[in-house]
Amino acid sequence: MGNTQPHIQLDESIQVKYALLPGDPARLDRIAPFLENVQELAFNREYRSLVGEYKGVRVLAISTGIGGASAGIAVEELHNIGVDVMVRIGSCGTLQPDLKVGDILIVNGAVRDDGASKAYIHPKYPAVPDADLMFHCIAAAKENSFPYRVGIARSHDSFYTGAEDEIYSYWAEQGVYGSDMETAALFTIGRLRGVKTASILNNVVPYDGDTSESIGSYVDGENLAMVGEKNEILTALEAIYKYDQSR
């Protein structure tokens with residue numbers, strides 16, 4: 001293959017403009033049923049990929065692993081092979097009581113409390129999605145009557161600093177809705193590279209709940225967060241379809 005990217009192990013021959021970016025490689029198994037003509041592509045390190053069609057639109061799904069550094073590598077290498085629209089479908093922990101487990105957060109800006117985005121540009125540079133793509137996400141969630149909020153997320157690098165309670169409390173007081181680890185890198189690097197990005201986060205942690213316990217039960221598929229995951233997948237696919245129709 002020509003110009004095969006070293007980490008994602010894909011090249012331009014896949015001929016895809018749109019990508020869904022989950023973190024967990026196993027999530028591709030739950031994306032695949034929403035697509036037609038599905039083809040597994042590659043699986044190297046945390047980067048597992050498949051391609052299929054949604055309402056006639058060719059869509060790539062590729063996992064990015066945990067954290068902004070690995071997500072940033074995916075953004076860069078996907079951009080190198082011609083992908084110019086990327087939607088993260090991830091999970092978050094809520095910082096606000098009105099974001100329930102299984103609700104989705106459509107992110108309109110991210111606190112850059114990560115290292116990956118800061119490696120690229122001054123921390124004052126904003127981490128924001130593409131407006132058109134974000135509004136298509138909102139429209140898709142509305143049309144399907146999915147429970148959702150639009151708000152700010154905080155992207156961070158660790159669950160185990162020993163100061164989580166104080167950190168979460170501070171950002172909750174500032175009106176931040178949820179915490180994840182990848183959105184800030186996606187928005188920042190995507191904007192710098194001319195990639196249109198959006199982020200849809202499924203809340204898997206109850207307000208004042210334990211993050212590690214909630215994520216464990218979510219992975220096991222034992223709670224409402226699995227419904228939220230299906231909702232975010234469909235929201236992202238519908239948003240991509242709408243965006244493609246408007247292009």
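Predicted model: local features only at pLDDT ≥ 70, side-chain atom pairs only at ≥ 80, totals over all residues.
**View 1. Helix 2 packs against helix 5.** Helices here are DSSP runs of H or I with at least four residues, strands are E runs of at least two, and both are numbered from the N terminus. The two axes (lines fitted to C-alpha atoms over the stretch in contact, with angles from 0 to 180 degrees between N-to-C directions) come within 9 Å and cross at roughly 25 degrees. That makes helix 2 roughly parallel to helix 5 (under 35 degrees; over 145 is roughly antiparallel, 65 to 115 roughly perpendicular, the rest oblique). Contact means heavy atoms within 4.5 Å; Gly-72 and Val-75 of helix 2 are among the residues involved, as are Ile-189 and Gly-190 of helix 5.

**View 2. Helix 3 meets helix 7 (residues 225-246).** Their axes lie 8 Å apart, at an angle of about 125 degrees. That makes helix 3 oblique to helix 7. This crossing is right-handed. Contributors to the contact include Leu-133 and Ala-140 of helix 3 and Thr-235 and Glu-238 of helix 7.

**View 3. His-136 sits in helix 3 (residues 131-143).** At 18% relative accessibility, His-136 counts as buried (under 20% relative accessible area; exposed is over 50%, partly exposed in between, with a 1.4 Å probe and protein chains only). Beyond neighbours within four places in sequence, His-136 touches Ala-239, Lys-242, Tyr-243 and Ser-246.

**View 4. The largest nonpolar core has 33 residues.** Such a core is a set of buried Ala, Val, Leu, Ile, Met, Phe, Trp, Tyr and Cys residues joined through side-chain atoms within 4.5 Å. Leu-10, Leu-21, Leu-60, Ile-62, Leu-78 and Met-86 have the most contacts inside this core. Helix 5 gives the most to it, with five residues. Leaving out residues up to four places away in sequence, Met-86 touches Val-75, Leu-133 and Leu-186, among others. Apart from this core lies another, of 32 residues, including Leu-35, Cys-137, Tyr-148 and Ala-236.

Notes:
Residues numbered from 1 in each chain as written. Heavy atoms only, no water. Left-handed = near helix turned anticlockwise from the far one by under 90°.
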